[in-house]
Amino acid sequence: MTLQSILPPERALFDVPGGSKKRVLEFFSTFIAQNTPSLDSQEVFSRLIGRERLGSTGIGHGVAIPHARNAHCKAPLAGFLKLAEPVDFDAVDGEPVDLVFVLLVPEEADDTHLALLAQVAGIMNDAETRQRLRKSDSQRQLYDTLIEAIERHAEAGPPASP
Amino acid sequence: MDSINSLFLLSGLLLALSILASRLSSLVGLPLLLIFLGLGMLAGEEGVLGIQFDDYGLAFLIGHLALAMILLDGGLRTRLKTFRVGFKPALSLATLGVFITSLVVGGIAMWVFELSLVQGLLVGAIVGSTDAAAVFSMLSGRGVNLNERVGATLEIESGTNDPMAIFLTLMLVEVLVGEIGGPVDTLLFLIKQFGLGLVIGIGIGWLSARLLRWVDLAPGLYSLLALALGFLVFGLTAFLGGSGFLAIYLAGLMIGNQPGRHLNFILPVHDGLAWLSQIGLFLVLGLLVTPSEMLHYALPALGVALALIFVARPLAVLLAIKPFFKFRWREVGFISWVGLRGAVPIVLAIFPVIGGVENASLYFNVAFAVVLMSLVIQGGSLSYMARWMKVEVPLGVTPNRRGPLGILPENDYEMFVYRVENQDLDEVPIRLLRFPSGAVISALFRQHAMLHPKGSTLLKQGDVLCVIGRSEDLPVLNRLFNGEARLKRQQAFFGTFTLDGDALMQDVAAAYGLTLSPGEEGMTLGEFVSLRVGGHPVVGDDVGWHGIHWVVSEMAGNKITKVGLRLYQ
């Protein structure tokens with residue numbers, strides 16, 4: 001399972017209106033329900049917000065990785081949102097978030113879930129990648145930057161486990 | 001007059017050299033105390049300066065003074081809240097541990113030097129106590145931050161184990177010179193040593209703390225008053241037959257844990273005094289030894305040292321800790337390795353000389369050689385061992401400098417100085433910083449010039465900011481200024497995601513598809529991890545469960561408030 005394969009170009013969203021953490025997750029839920037008919041926007045939203053209640057998925061440096069399992073999700077899927085204005089995400093470093101990488105996985109794919117999460121975290125941990133994503137000024141450029149970062153990360157191999 | 005002048009000249013020269021040589025320690029990685037000892041030996045009778053010094057009485061006095069000041073400072077710096085995890089194991093190490101160490105080393109010394117049982121045990125007792133002051137100056141100098149369980153245990157152990165070693169040494173010396181009464185007397189002696197030390201140290205220490213907080217003095221006088229009260233406690237306790245060393249440590253503990261602005265005046269001075277004591281003590285001890293005489297004992301002493309490091313200490317730690325407390329194996333391993341011997345054994349080795357024990361020079365030289373060996377072997381490898389044994393917890397950013405403003409004595413504002421290292425703060429206007437509400441940026445320095453920070457001022461990397469705020473604001477500020485490299489190290493350790501300790505296990509399990517056993521659904525995540533860790537959890541503890549490392553990343557008292565999720569990759 002590669003990240004590229006679960007992140008088609010139309011799911012890299014550019015200039016997404018921010019507002020609040022809740023609004024951003026709502027926006028994504030509505031979008032993904034339209035994009036993937038088997039999903040229900042209300043369910044996606046409540047799962048994502050339920051995960052946030054356990055502790056924010058804002059991992060610092062303006063990045064958040066909301067993630068959830070979903071019964072109606074047939075295969076893992078990813079979406080990326082670059083917000084127009086950073087929003088307060090209650091992140092570990094307290095900084096507002098403008099780069100949001102969302103992951104949804106089927107209920108049974110628990111190991112894949114963790115592996116994908118680790119991979120996304122690895123990619124978003126790179127300062128240069130974040131900077132390039134922030135400097136992208138079109139949807140196309142955003143997507144290309146993202147895919148390039150994913151490939152670069154995959155080539156470098158996962159970092160040695162500590 | 002000449003002798004006074006030469007005293008000034010020599011002490012000034014040696015002190016200055018020692019202090020400058022401390023820079024060498026951080027560059028080369030040689031334990032500092034070793035450098036001081038070496039300088040003393042170089043200045044001594046067989047070194048370059050050829051100073052004749054064999055006044056054991058004076059060295060004994062200096063030893064007591066210096067140890068008292070070092071212990072006072074150690075007490076001042078020990079936070080009472082670390083007693084939560086460290087007190088009981090440390091107490092076990094300080095009593096049972098010292099006893100076992102002395103016994104094992106004594107047995108080996110008896111065999112190596114062909115001594116009688118009591119003589120052998122005396123060697124064991126002399127080298128029985130650790131000197132973690134040495135450990136801590138080394139570890140903090142290297143930027144190694146131990147987890148609280150290990151750090152607190154070592155710290156409290158070093159403050160409390162000297163009385164036991166002193167007691168054993170005194171007792172054995174008295175047996176050897178034939179002044180000992182029956183076993184009842186011995187037991188009474190032990191009870192008096194510990195009991196009086198405990199009662200007077202805590203009692204008068206507490207009163208002293210109140211006095212220091214209450215009295216209004218010129219800033220420079222607080223530290224002197226603290227020192228005077230410490231000496232008073234030491235003297236009174238020892239006069240009545242208690243352990244002055246234990247008492248002064250406890251007095252320091254009492255004073256250091258009474259918050260107030262007086263501490264800001266006391267701590268820096270006592271830091272300096274502790275340094276002076278360390279340097280002075282080791283210089284004097286270096287002067288006192290006759291290297292050629294020590295060489296005579298070098299080989300057998302090496303055997304004793306190796307036995308202490310590789311057999312006696314590990315065995316003592318194992319028996320004193322593992323059956324009673326939930327320590328990980330690697331933590332037991334590290335504590336075993338950090339049985340660093342310092343000044344105490346050498347000072348204790350003067351007891352037989354003063355007491356007039358036959359063949360006293362043996363004890364002194366063996367103790368000296370053992371301490372040297374311990375400093376080289378254990379001291380030299382400390383930070384490497386801390387990494388290897390994984391007892392480190394990565395440290396986030398803290399202010400480069402902080403100091404009280406001294407305007408509101410009861411709840412004072414402080415100035416914190418931060419450097420902008422965080423790439424994400426580059427080009428960010430100040431008004432967008434998520435600042436704690438009570439704190440302000442009072443000045444911004446860029447390229448050696450001061451700017452007036454406004455809301456629209458854009459931050460640049462390398463800017464130095466003076467922030468005025470209260471100590472409660474620190475966590476938020478530290479988070480804000482945490483640089484890329486540090487955050488990465490912290491994430492590699494604590495994991496990318498952080499969950500609240502209050503989160504319910506059933507919700508956590510649902511989010512990640514984990515199976516719980518009955519009885520676990522009702523728990524919070526904090527309780528669950530606490531249970532799995534066992535005993536008192538500390539920041540950095542981790543539990544492997546369902547392919548995830550659950551790492552304790554924040555605690556409030558005994559409660560886990562944040563848990564990191566480190567994913568296997």
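Visitor: Which residues form a nonpolar patch on the surface, and with how much accessible area together?

Guide: This is a predicted model. In it, the surface patch is formed by B:L13, B:L17, B:L42, B:V48 and B:L49, which together have about 460 Å² of accessible area.

Visitor: Why is B:V48 called exposed?

Guide: The relative accessible area of B:V48 is 70%, and the term exposed applies over 50%; B:V48 is therefore exposed. Its place is the loop between α2 (32-43) and α3 (56-77) of chain B.

Visitor: Why is B:L382 called buried?

Guide: Buried means under 20% relative accessible area. B:L382 has 1%, and so it is buried. This leucine belongs to helix α18 (residues 382-388) of chain B. B:L382 is 48 residues from B:F334 in sequence, while their C-alpha atoms are 8.9 Å apart in space.

Visitor: What makes the contact between A:R47 and A:E107 a salt bridge?

Guide: The criterion is a side-chain nitrogen of Lys or Arg within 4 Å of a carboxyl oxygen of Asp or Glu. For A:R47 and A:E107 the N to O distance is 3.4 Å, and their side chains meet in a salt bridge. A:R47 is in helix α3 (residues 41-53) of chain A and A:E107 is in the loop between β6 (97-106) and α4 (110-124) of chain A, so the pair ties together parts 60 residues apart in sequence.

Visitor: What joins B:R313 and B:E157?

Guide: Their side chains meet in a salt bridge, with 2.9 Å from N to O. This pair links distant parts of the chain, 156 residues apart: B:R313 is in helix α13 (residues 291-321) of chain B, and B:E157 is in helix α7 (residues 148-160) of chain B. Both B:R313 and B:E157 are buried.

Visitor: How do B:E520 and B:R532 meet, and at what distance?

Guide: Their side chains meet in a salt bridge at 3.3 Å, N to O. B:E520 lies in the loop between α21 (505-512) and α22 (525-533) of chain B, and B:R532 lies in helix α22 of chain B, so the pair ties together parts that are 12 residues apart in sequence. With a relative accessible area of 10%, B:E520 is buried, whereas B:R532, at 39%, counts as partly exposed.

Visitor: What makes β6 and β7 of chain B edge strands?

Guide: The open sheet has 4 strands in the order β6-β9-β8-β7 (chain B), with antiparallel pairing. The strands β6 (497-500) and β7 (542-545) each pair on one side only. From one strand to the next, the twist averages 30°. Strand β7(B) is joined by 4 bridges to the antiparallel strand β8 (residues 548-556) of chain B, and B:V543 stands opposite B:W550 in β8(B).

Visitor: How do you know that the radius of gyration of chain A agrees with that of a compact globule?

Guide: For 162 residues, a compact globule would have a radius of gyration near 15 Å; chain A has 14 Å, so the values agree. The C-alpha trace of chain A spans about 35 × 35 × 30 Å along its principal axes. Its secondary structure comes to 6 helices and 6 strands, and 59% of the 162 residues of chain A count as buried.

How values were computed. Residues numbered from 1 in each chain as written. Chains lettered and ligands numbered in written order. Predicted model: local features only at pLDDT ≥ 70, side-chain atom pairs only at ≥ 80, totals over all residues. Heavy atoms only, no water. Patch = residues over 30% accessible without salt bridge, like charges linked within 9 Å, V, L, I, M, F, W, Y side chains within 5 Å. Areas by Shrake-Rupley, 256 points an atom, 1.4 Å probe, with all protein chains shown as cover. Helix = DSSP H or I, 4+ residues; strand = E, 2+ residues; numbered from the N terminus. Buried < 20%, exposed > 50% of the residue type's maximum accessible area, 1.4 Å probe, protein only. Pairing = 2+ DSSP bridges. Axes fitted to C-alpha atoms, helices over the stretch in contact; angles between N-to-C directions. Rg over C-alpha atoms; globule rule 2.2 N^0.38 Å.
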